[in-house]
Amino acid sequence: MSFPKIKITTFLLIILPSISPSLASENSPQKIAITPEFHMHIVNRLGNNKILLAHCKSKDNDLGVQNITAGSELSWKFRENIMWSTLYWCYLAPDKYSHVSLDVFNFAGHIIPKCDNHGSVWRYSYDCVWFAQDNGVYIRNFATGYDDFVSSWNKGRLTNLE
């Protein structure tokens with residue numbers, strides 16, 4: 001192991017245990033953010049008061065199957081892991097005849113530049129907004145002010161969402 005790797009490993013072994021208790025406690029006044037916080041929104045913009053079925057999850061966090069009524073949203077917050085490898089995907093179905101499955105967050109993907117960082121490149125909080133519409137799924141591109149088309153609905157629907 002080279003000298004820089006030893007220094008980094010030593011740093012992580014000494015510093016991270018002292019930080020992690022503060023990261024785990026929401027009430028801790030000494031909470032230190034070492035990765036950005038993301039606030040994800042899945043908004044139902046379907047017509048005719050359709051209910052959107054959504055099942056979103058990551059490797060470590062399953063949000064369960066949700067029924068989102070017209071004009072409502074599913075939202076959640078999380079912090080990127082220290083390896084910068086967090087991935088959230090969602091299965092969305094506007095009816096019993098169509099669906100789409102897509103990555104709604106992947107740090108290595110092209111999603112973050114579209115999210116709202118509230119006007120500051122140094123802010124450690126981002127809002128990412130997805131819309132389910134009759135013709136497919138869009139993501140709000142805060143940089144351009146437009147909703148970018150991501151995917152049309154695929155025919156068929158999964159029956160087992162486990």
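User: What makes the link of Cys115 and Cys128 a disulfide, and which hand does the link have?
Analyst: With 110 degrees about the S-S bond, the link of Cys115 and Cys128 is right-handed. In this predicted model, local features need pLDDT of at least 70 and side-chain atom pairs count only at pLDDT 80 or more, while totals for chains, interfaces and linings use all residues. Residues are numbered from 1 along each chain as its sequence is written, and side-chain values use heavy atoms, with hydrogens and water left out. A disulfide is a pair of cysteine sulfur atoms within 2.5 Å, and the S to S value for Cys115 and Cys128 is 2.0 Å, so the pair is called a disulfide.

User: Why is this pair said to tie together parts of the chain?
Analyst: Cys115 lies in the loop between β6 (98-106) and β7 (125-133), whereas Cys128 lies in strand β7, so the link ties together parts that are 13 residues apart in sequence; strands (E, at least two residues) are DSSP runs, numbered from the N terminus.

User: How do you know that Cys56 and Cys90 form a disulfide, and are they buried or exposed?
Analyst: Their sulfur atoms are 1.9 Å apart, and the rule therefore counts Cys56 and Cys90 as a disulfide. Both Cys56 and Cys90 are buried, a term that means under 20% relative accessible area, with exposed being over 50% and partly exposed in between (1.4 Å probe, protein chains only).

User: What makes β4 and β9 edge strands?
Analyst: In the open sheet, with the order β4-β1-β7-β8-β9, β4 (73-79) and β9 (146-151) each pair on one side only, where two strands pair if DSSP finds at least two bridges between them.

Technical notes:
Helices (H or I, at least four residues) and strands (E, at least two) are DSSP runs, numbered from the N terminus.
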